[in-house]
Amino acid sequence: MTLMAERPVISGTEPDGGFQELLCLLDELHVPDGYKAEIIRGSIVVSPRSKGYYNRVMRSVCSQLEPSLPEGHLIERAPNLFVFPGVERAYGPDIHAAHERTYDADSNHLDGEGLSFVAEPTSTSTREDDLTDKVEMYGKSGVPVYLVLDMQQMQAIVFGSPSVNGYEVRFSKPFGESLQIPEPFGCKLDTDGFQRRPHEKADDQPES
């Protein structure tokens, strides 16, 4: 099965076997280069990976946070899938930090509980889920810090202090300013240069 679209494609209704069967279906899915597949709200969702010019922004995030990583943690941009059976989600964040033991696995299905940080630069096709479903589920699953780089509104939004009700802390700054990243990092993220450069093709703006 091959799915390709500029917007996420929903595979259909949840199979009788539930979340574990969805994971098996996802493994069998042929995902074209430049796309990723996730499990969101009981369906497999295929969406484009980040645009080329997002790479310099993601490199900057990684290089700035690396000195403040918790002991034994790594920060990566590899296309890994983090599984959250308790909330029946499987996400493939563009940037992720976790204890090195989390990455010591034969499978591409990694334990979401090992994450200390995730970050997503939004596109028009993923922005809604990045700002709704993922905020709620990362918070309820105990991921310490979730950073959304809203590339359409040109602002950085960080969520911290996860609880059973979701994140208790939210900060935002327009691109060009510094943003405080909560514990266990406790550092500043300089977003200067995250803005799109004049020669870079604009992503579609979200509807107002």
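This is a predicted model: local features need pLDDT of at least 70, side-chain atom pairs count only at pLDDT 80 or more; totals for chains, interfaces and linings use all residues.

**A guided walk through the fold**

Leaving aside residues up to four places away in sequence, Ser141 touches Phe84 and Val87. Ser141 is found in the loop between H4 and E10, and because its relative accessibility is 23%, it counts as partly exposed. Its C-alpha lies 9.8 Å from that of Pro85, although Ser141 and Pro85 are separated by 56 residues in sequence. The side chain of Ser141 also reaches back to the backbone oxygen of Met137, at 2.8 Å.

Met137 belongs to H4, where it is buried, and the other buried residues of this helix are Asp133, Lys134, Val135, Tyr138 and Gly139. Since six of the eight residues of H4 are buried, the helix is largely enclosed by the rest of the structure. Just after H4 comes Gly142, which takes a positive phi of about 90°.

Six strands form an open sheet with mixed pairing, and their order is E4-E7-E9-E10-E11-E12. Strand E4 (73-76) and strand E12 (166-174) stand at the edges with a single partner strand each, so one side of each is left without a neighbour in the sheet. From one strand to the next, the twist averages 15°.

Which residues have the most contacts inside the largest nonpolar core? They are Phe117, Leu147 and Leu149, in a core that has 26 residues. Several elements supply at least two residues each to this core, namely helix H2 (54-65), E7, strand E9 (115-121), strand E10 (145-150), strand E11 (155-163), strand E13 (178-181) and strand E14 (187-190). Among them, H2 gives the most, with six residues. Leu147 shows how such a residue is surrounded: setting aside residues up to four places away in sequence, it touches Val61, Phe117, Val118, Ala119, Glu120, Ala156, Ile157, Val158, Leu179 and Leu189. There is also a second, separate core of 19 residues, which includes Leu110, Leu115, Tyr138 and Val148.

Side chains of opposite charge can pair when their charged atoms come close. The structure holds 11 salt bridges, and three of them can be followed in turn.

In one of these, the side chains of Asp94 and Lys36 meet at 3.9 Å, N to O. Asp94 lies in the loop between strand E6 (89-91) and strand E7 (95-99), whereas Lys36 lies in strand E2 (residues 35-40), so this pair ties together parts that are 58 residues apart in sequence.

Another salt bridge joins Glu38 and Lys134, whose closest N and O atoms are 3.1 Å apart. This pair links distant parts of the chain, with Glu38 in strand E2 and Lys134 in helix H4 (residues 133-140), 96 residues apart. Both Glu38 and Lys134 are buried.

The remaining example joins Asp129 and Arg41, with the closest N and O atoms 2.8 Å apart. Asp129 lies in helix H3 (residues 127-131) and Arg41 in the loop between E2 and strand E3 (43-48), so the pair ties together parts that are 88 residues apart in sequence. Finally, salt bridges that share partners join Lys36, Glu38, Asp94, Glu120, Asp130 and Lys134 into one network.

Definitions and conventions:
Residues are numbered from 1 along each chain as its sequence is written. Side-chain values use heavy atoms; hydrogens and water are left out. A salt bridge is a side-chain nitrogen of Lys or Arg within 4 Å of a carboxyl oxygen of Asp or Glu. Helices (H or I, at least four residues) and strands (E, at least two) are DSSP runs, numbered from the N terminus. Buried means under 20% relative accessible area, exposed over 50%, partly exposed in between (1.4 Å probe, protein chains only). A nonpolar core is a set of buried Ala, Val, Leu, Ile, Met, Phe, Trp, Tyr and Cys residues joined through side-chain atoms within 4.5 Å. Contact means heavy atoms within 4.5 Å. A polar contact is a pair of N or O atoms within 3.5 Å; within protein, one must be able to donate a hydrogen and the other to accept it, and residues adjacent in sequence count only if both atoms are side-chain atoms. Two strands pair if DSSP finds at least two bridges between them. Axes are lines fitted to C-alpha atoms, for helices over the stretch in contact, and angles run from 0 to 180 degrees between N-to-C directions.
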